[in-house]
Amino acid sequence: MIEPGRYDAHVLIVGGGATGGGVAHDLALRGVRVTLVERGELTSGTSGRHHGLLHSGGRYAVGDRESAVECIRESTILKRIAPGSFEENGGLFVAVCDEDMEYLEPFLDACADAGIPAQRLTPEHALREEPNLNPEVKAAVRVPDATVDPMRLILRFFATAQRNGAQIRPFMEVKDLCVHDGRVCGALLHDHATGQEGEISADLVVNAAGPWSDKIAAMAGVSVPMTPSPGVLLALRGRLCNMVINRMHKSGDGDIVVPQRGLSVVGTTSWVVDDPDELTVPEDHVERMYAEGSKLIPAARSAPRRAAWSAARPLVGAKGSGSGRELSRTFQTFDHQQTDGVEGFVTITGGKSTTLRGMAELCADLACRKLGIDEPCRTRDTVLLPHTAYYTAVA
Amino acid sequence: MSDPSTADNRQDVSKIETRSLRVYRYKRGDGGEHFDEFEVPVGPHTTVLDALRWIQHHRDPSLALRHSCHHASCGTCGVQVDGSEELACVCQIHDHGDRITVEPLANLPIITDLVVDMTSFFARFPHEHPIIRASGLPANAEPPEDLEQYVRLEDCIECGLCLSACPTAATAHEYVGPAALASAQRLLEEPRGVQREDVLAWASQPEGLWRCHVGLECTRACPTDAIPAERIMALRRELTFGGHHETKEHQR
């Protein structure tokens, strides 16, 4: 354990989602002084709105091996450092038609290749464990998927970062970045609690604004190759299953049902937008969720709608993509000194909540290199405080 | 799927249905509280949260509110809508009139606008209160051999709606309130390593369960069927009859 704020260097993190929370926690554990700002409530962007799947990596095993390997590694670590946060019931990939069966062997091979434990079940066995499954199920494979409450998991990162000296400031919006002589040296902040504005200085600014990261980058006169790609999700009343139920085929619309508390969440669709603040919930997408979800669990068809919403994934890749499906779910850091000649500014984007710790490690490694700080990452073995500590353990 | 924005937004502006939202406003050091009124376009499924976010993005970016999951699972977006506690994300505009008043939750300090400080809410809970419980649903599901049982997240989403609706909490500020007591009762139901005596001692503190006036407003406000009022009554039975409860039943 290193004492909080051992180093004088001050890092300003922009964005209070999974990525920002992970980076704040990682840097605080390395003894770096950290301030994190978020324009709204923590996890009010994409991070709070995903369907609550802690990925085993099965979803990406065929087609996006890099993401699959990241997911199995990081989900295993998260279960260890955030005990008590997950519905650890596993997940099933189920084939419900002959076409799905063609995906079975490639799927099993790809899971083995990515190191994802995969156990084949007979249809009868699968139906005993999940009685609401489509009775036409032809094959099922069990993988270590789990359900997570996105906000409460991420609050554990914020709580622990705060305990280690990080300043976490929600309702604090970055209006502009301060750039002098080709160097980002701070930000102009608007405090939504008071309506006041003020400047904060920083030795390094980390852009962790997810699908908004291009807007933040533009304040430094640079851009990041990131495409906001929304999807519609549908929450049904009633818990129809305990395991995460995935369709055994290439990623498509409405091919997953994630149980969460007393709800069942069906997801998702995929398209691309320019402005992540302007997300619609097209009714035909909701209908599609009902139609496709009920192929996995027929009872979904008549389950009452609790909510339908959209969330924008921040996918790494050039704009002009078709649906976003073809873009990898992996993550990437950008040192804008290397890419644009702007010092004091890095961006971390892409990825997903499941890989938030690994993303943070990559980003904090870069930040420390740039600040000349030689401290190892300690997040793999540091058990996080409970989510309530974010509120109750204020220093 | 295809880009939905094209079909959706190609409507004649004059035909778009609207509602008027009266929204509570407060900025620290800014001369007190007031209401601002906004005309908001609505569709068949528009929620109060959708309407508030439309105001943020099209009329007044300084409006502050809390939200996260958008499907009644995180408990972040609690507000009062026309005086009733609601999760804004599942509160349908069409269930309300032409002029809708939105205020922050009661019985919690206001930070700004619709944002309340949840610190005192979480400080009320028993020290240990696990959020993962036995699932039990669907009833006929047989867990895999390597699992002792299927588990799921607790029903209570710690949204604070019950505390806001509680008439006792409105006058007795130290009262621990319905959510915390319901959480204690869950620990008796499913201890998960917590000592029963500790839970009972905590619940029977002076600001604990005997303060409840049985107004039942908490269960009415609860968005996730966590039934706080029933759990408070169950706690009282437990403290009154204790382990002898069943024996008395048998004697009748």
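This is a predicted model: local features need pLDDT of at least 70, side-chain atom pairs count only at pLDDT 80 or more; totals for chains, interfaces and linings use all residues.
In strand β20 of chain A, the residue A:Ile348 is the bridge partner of A:Thr333.

**Around β20 of chain A**

The bridge between A:Thr333 and A:Ile348 belongs to a set of five bridges that join β19(A) to β20(A), two strands that run antiparallel. Strand β13 of chain A, made of residues 204-207, is also joined to β20(A), here by three bridges and in a parallel arrangement. Within this second pairing, A:Asn207 has A:Thr347 of β20(A) as its bridge partner. Is β20(A) largely enclosed by the rest of the structure or left open? Six of the six residues of β20(A) are buried, so the strand is largely enclosed by the rest of the structure.

When residues up to four places away in sequence are not counted, A:Val206 touches A:Val11, A:Ile13, A:Val14, A:Val23, A:Val346, A:Ile348, A:Cys363 and A:Ala367. The largest nonpolar core has 190 residues, and A:Val206 is among those with the most contacts inside it, together with A:Val11, A:Ala24, A:Val94 and A:Ile245.

**A three-stranded sheet in chain A**

Elsewhere in chain A, three strands form an open sheet in the order β10-β11-β12, with antiparallel pairing. Why is one side of β10 (172-180) and of β12 (197-201) left without a neighbour in the sheet? Both strands stand at the edges and each has a single partner strand, so one side of each is left without a neighbour there. If direction is ignored, neighbouring strands of this sheet are turned by 30° against each other on average. Between β10(A) and β11(A), the latter covering residues 183-191, there are eight bridges, and the two strands run antiparallel.

Helix α7 of chain A covers residues 150-163 and contains A:Gln162. With 24 other C-beta atoms within 10 Å, A:Gln162 is buried, because a residue is counted as buried when 20 or more such atoms lie within that distance. Leaving aside neighbours within four places in sequence, A:Gln162 is in contact with A:Ile168 and A:Tyr390. A:Gly293, by contrast, is 131 residues away from A:Gln162 in sequence and 40 Å away in space, taken from C-alpha to C-alpha.

**Domains in both chains**

The domain assignment divides chain A into domain 1 (10-46 + 151-223 + 331-392) and domain 2 (86-147 + 227-316). For chain B, the assignment gives domain 1 (5-116) and domain 2 (119-251).

| Pair of domains | Distance between C-alpha centres |
|---|---|
| domain 1 and domain 2 of chain A | 31 Å |
| domain 1 and domain 2 of chain B | 30 Å |

In chain A, nine residues from domain 1 and eight residues from domain 2 take part in the contact between the domains. On the domain 1 side, β19 (331-335) and β20 (345-350) each supply at least two residues, and by class this side has three nonpolar, six polar and no charged residues.

In chain B, 14 residues of domain 1 are in contact with 16 residues of domain 2. The elements of chain B that give two or more residues to the domain 1 side are β3 (78-81) and β4 (84-87), and this side has eight nonpolar, five polar and one charged residues.

Chain B holds ten helices and nine strands, and its C-alpha atoms fill a box of roughly 70 × 50 × 35 Å along the principal axes. Of the 252 residues in chain B, 40% are buried.

How many residues of chain B are in contact with chain A? There are 52 of them, and they meet 51 residues of chain A. On the chain B side, two or more residues come from each of α1 (5-9), β6 (110-112), α3 (119-123) and β9 (151-153). The residues on this side divide into 26 nonpolar, 16 polar and ten charged.

Technical notes. Residues are numbered from 1 along each chain as its sequence is written. Chains are lettered from A and ligands numbered from 1 in the order in which they are written. Two residues are in contact if their C-beta atoms, placed from the backbone, lie within 7 Å. Helices (H or I, at least four residues) and strands (E, at least two) are DSSP runs, numbered from the N terminus. Ala, Val, Leu, Ile, Met, Phe, Trp, Tyr, Cys and Pro count as nonpolar, Asp, Glu, Lys and Arg as charged, and the others, Gly among them, as polar. Two strands pair if DSSP finds at least two bridges between them. Axes are lines fitted to C-alpha atoms, for helices over the stretch in contact, and angles run from 0 to 180 degrees between N-to-C directions. Domain bounds come from an automatic or database domain assignment. A nonpolar core is a set of buried Ala, Val, Leu, Ile, Met, Phe, Trp, Tyr and Cys residues joined through C-beta atoms within 7 Å. A residue is buried if 20 or more other C-beta atoms lie within 10 Å of its own, exposed if 12 or fewer, and partly exposed in between; C-beta atoms are placed from the backbone.
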